[in-house]
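Subject: Structure handover

Hi,

Here is the structure I said I would pass on. Have a look at it first, and then read my notes below.

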Amino acid sequence: MSDLTFNKIAGGVLATGLAIFLLKEVTTELFIQEPPEKPGYSIAVVEAVSPGGGPAAPEVPPDWGTILPTADVAAGQTVSAKCASCHQFDPAGTNGTGPGLFGVVGRKTAGHPGYMYSQAMVDEAAKSPVWTYDALFEYLKNPQKVVPGTKMSFVGLPKAEDRIAIIAYLHTLGSTLPIPAPKPAAPAAEAPDADDAAAPAAEAAPPAKG
Ligand code: HEC
């Protein structure tokens, strides 16, 4: 290859490189866009805020006085099959892997005789001394989250309806907690008299959803 040919080739390569470089510069210049000072349109973003104020807001337990009398006890018995590998439901309160569950509604937390509870459950009893409907509802959703360190290795019942059903079933097994009176449906109205009837105040509170 003669020197001249080499020079031509080298020149060509250089020119091409330069061309590519310039082209890149020009295109970026062309396509850089400044945001407009005033947007032509704006999109309103409404953030979904849960009623409790954040995603970690605890689930509101149902109104037991309303829901228990008509709850599906048979469905609860079906759900109890998920507990049966560890729990017995007989009136003698036989303990297995887990404590006997007959009479657990209204029973002291970690209070079944003859059962060796975890330290976590014993500690829980200091905070939540009795298995109320609400306590069961919360615990059974996610046992390990509610009582970290519990030796109940069960994932939990994420569906509220399953928990309501099992609690209704447990309530038929020697429960010592009476069913509470139903909560009044709408706490809005005070003394219903003629003046109030005209006021729109009654619509202020939305009905509690169950
Ligand atoms: C894999 C075994 C297992 C399964 C399945 C299981 N549990 Fe448990 N459960 C346990 C153990 C173990 C304990 C004791 C927990 C501790 O001491 O930390 C317990 C404790 C409990 C307690 C507290 C009782 C007390 O006396 O304080 C309740 C209530 C309970 N379980 C309900 C249920 C229900 C209802 C189901 C079914 C939906 C269920 N468990 C499924 C093992 C299980």
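Let me start at the ligand: a polar side-chain atom of Arg-107 sits 3.0 Å from one of the ligand's oxygen atoms, where a polar contact is a pair of N or O atoms within 3.5 Å (within protein, one must be able to donate a hydrogen and the other to accept it, and residues adjacent in sequence count only if both atoms are side-chain atoms). Before going on, note that this is a predicted model, so local features need pLDDT of at least 70 and side-chain atom pairs count only at pLDDT 80 or more, while totals for chains, interfaces and linings use all residues. Residues are numbered from 1 along each chain as its sequence is written, and side-chain values use heavy atoms, with hydrogens and water left out.

Back to the ligand. His-87 has a polar side-chain atom 2.7 Å from a ligand nitrogen, and an N or O atom in the side chain of Ser-118 is 2.5 Å from a ligand oxygen. There are 28 residues around the ligand, and those that come nearest are Cys-83, Cys-86, His-87, Ser-118 and Met-152; near here means a heavy atom within 4 Å.

Two of those are cysteines, so how exposed are they? Cys-83 is buried at 15% relative accessible area, whereas Cys-86 is partly exposed at 32%. The cut-offs are under 20% for buried, over 50% for exposed and partly exposed in between (1.4 Å probe, protein chains only). The whole structure has 0 disulfides, meaning pairs of cysteine sulfur atoms within 2.5 Å.

You'll find it in the loop between helix H3 (73-79) and helix H4 (119-127), and it is buried, with a relative accessible area of 12%. Leaving out residues up to four places away in sequence, Ser-118 touches Gly-149, Thr-150 and Lys-151, with contact meaning heavy atoms within 4.5 Å.

Now the overall fold. The chain has 8 helices and 0 strands; these are DSSP runs numbered from the N terminus (helices H or I, at least four residues; strands E, at least two). Of its 210 residues, 27% count as buried.

The largest nonpolar core has 31 residues, and among those with the most contacts inside it are Trp-64, Trp-131, Tyr-139 and Ile-167. Such a core is a set of buried Ala, Val, Leu, Ile, Met, Phe, Trp, Tyr and Cys residues joined through side-chain atoms within 4.5 Å. H4, helix H5 (133-141) and helix H7 (160-171) each supply at least two of this core's residues. Ile-167 touches Trp-64, Tyr-133, Leu-136 and Phe-137, again leaving out residues up to four places away in sequence.

In H5, the buried residues include Tyr-133, Leu-136, Phe-137 and Tyr-139. Helix H2 (64-67), H4, helix H6 (143-146) and H7 are among the elements that cover the buried residues of H5.

There are 5 aromatic pairs, counted for rings of Phe, Tyr and Trp (its six-membered ring) with centres within 6.5 Å; planes under 30 degrees apart are stacked, over 60 edge-to-face and the rest tilted. Trp-131 and Tyr-139 have ring centres 5.0 Å apart and planes at 45°, so that pair is tilted. Both Trp-131 and Tyr-139 are buried. Ring pairs also link Trp-64, Tyr-133 and Phe-137 into a cluster.

Cheers
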